[in-house]
Amino acid sequence: MLYAILCYASEDVVSAWTKEQDDAVMGKLAAVQEKYAKAGKLGPVARLLPTTAATTLRRVKGEPLVIDGPFAETKEQFLGFYTVDCSDLEEAVQFARELSDVNPSGGSYEIRPVGVLNPVKATI
Amino acid sequence: MTDPAWISSALNAARPQAMGALLRYFRNLDTAEEAFQDACLRALKNWPQNGPPRDPAAWLIFVGRNSGIDAVRKLSRQTAMPDEDQISDLEDVEGDIADRLDGAHYRDDILRLLFVCCHPDLPATQQIALALRIVSGLSVKQIARAFLVGESAMEQRITRAKARIANAGVPFETPGPVERSERLAAVAAMLYLVFNEGYSTTTGEAAARAPLCDEAIRLARLLLRLFQTEPEIMGLTALMLLQHARAPARFDADGEIVLLEDQDRTLWSRKMIDEGLALVDKALRHRKPGPYQVQAAIAALHARAARAEDTDWREIELLYGMLERMQPSPVVTLNRAVAVAKVHGPEAALAVVEPLEERLSGYFYFFGLKGGLLMQLGRSEEARTAFDQAIALANTAAEAAHIRQHIDRLTKEADAHRVRHSAVPH
């Protein structure tokens, strides 16, 4: 089954990392991904730009309304995601655990089965 | 997360909110700072054992407040017992404190903290130094290095700035909409000062100063998260990102500055450009243009051009015209003249430039541009005079070297001319 591993953490915390700290975390996360990629289990992975660059479209009384930023004000923000093909939840949890072991953001990983995944252009 | 380096970055992340709240409680910058320092020391002891709290800022505010109250009591010679018990019980009550913390004040706390640093009595350099110390939490040593001055000189500068603020009085009442937007404008200007201080013109300084650019961008994003619908804050953040994206291409291997049109654009940071462009697009939707948005839109046109010759100079000329009307200044007009030269040629540009001479007689770029335009028009002697004036006003060796290249070219052309003519048999 295909799982999406959704990464939530405090943007304040992550953006306070120095470039060296950020690079170190990304390097370790890449090593975890590498293992799953080699096994042919890893799908698209994304790290999102800050929520300040985000826009939300929401229908209010039937009218589409464009709002600045993410709609919900929460302590943690949605910062990125992985897609990974796992035989069961246990394996998906294991993947998230490995990511979390090397990520000091203090955030969380939501493990969510994927219903539909449209093919993406290989050039991106 | 129990590693000291990571704890210190968590403390930095929580700093603006915690310092902002402590400043509101104590209404004194020194007391707030000492309280925060004390809370940080306790965090360094407590967090590795108990793990980081769920809400580090709330933890620091609670602990800092207690410690600050103690300090104030001791000062006023009243008896006080350290509140160690209360502090060590913290894990149980943490959820509670988070609720009791005044969520509504959060935005205005951080804005106030930034705003006290932009007091009009403070010269720009003191504003920047104070913001880096108080809001960003950089050490005096780090700030001194970025300003290329000695540590004790910087220490004095910060102490003087704090003394001025203490005497000037800080506005603690919750701001109304008009005051809030005035504060935002002052803070935006101060952040842009921090950025420009870091955007240095020599390679030797670039490494030491680059952290100022990163910090200005970080604070601008923080401000934008608090004031999500402010198009000028989007514009400011975008402007800084789009300029900073060019940093890797601004100096060549010899440390010479590379002009925008000669830069290797593949070196530009794609990630910063994407974020900047997204912010420009967001800001423009509001249809409330302002100077930062216009400048960001200009930077965006440069960022969108894959090659220098693809630049949309016509649009840039229009945008500088708009900026000139919003914020009339000879420097803005000079920038418009660059676009005029690209669109309408050197003669039209010279007509824009020449009336500025009196007001820009001490400005390197004025004479650099004037010389360049005269050179294009074949008026070599006048060009040489302008270039000589530019060299006399150059701020850095790189600037002077750049102008000298033009003079060398003029000299070579003149020599070639002479050779051609002397080759003709008499």
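## About the model

The model is predicted: local features need pLDDT of at least 70, side-chain atom pairs count only at pLDDT 80 or more, and totals for chains, interfaces and linings use all residues. Residues are numbered from 1 along each chain as its sequence is written, while chains are lettered from A and ligands numbered from 1 in the order in which they are written.

## The sheet of chain A

Let's start with the open sheet of chain A, whose 4 strands run in the order S2-S5-S1-S6 with antiparallel pairing. Strands here are DSSP E runs of at least two residues, helices are H or I runs of at least four, and both are numbered from the N terminus; two strands pair if DSSP finds at least two bridges between them. At the edges sit S2 (42–47) and S6 (108–113) of chain A, each pairing on one side only.

S2(A) pairs with S5 (residues 77–85) of chain A over 4 antiparallel bridges, and A:Val45 has A:Tyr82 in S5(A) as its bridge partner.

Over in chain B, B:Arg15 belongs to helix H1 (residues 4–26). B:Arg15 is buried because 23 other C-beta atoms lie within 10 Å, the cut-off being 20 or more, with C-beta atoms placed from the backbone. The C-alpha atoms of B:Arg15 and B:Ala57 are 7.2 Å apart, though 42 residues separate them along the chain.

Chain B is assigned domain 1 (4–101) and domain 2 (104–204), with bounds from an automatic or database domain assignment. On the side of domain 1 of chain B that touches domain 2 of chain B, H1(B) gives the largest share, 9 residues.

Technical notes: A residue is buried if 20 or more other C-beta atoms lie within 10 Å of its own, exposed if 12 or fewer, and partly exposed in between; C-beta atoms are placed from the backbone.
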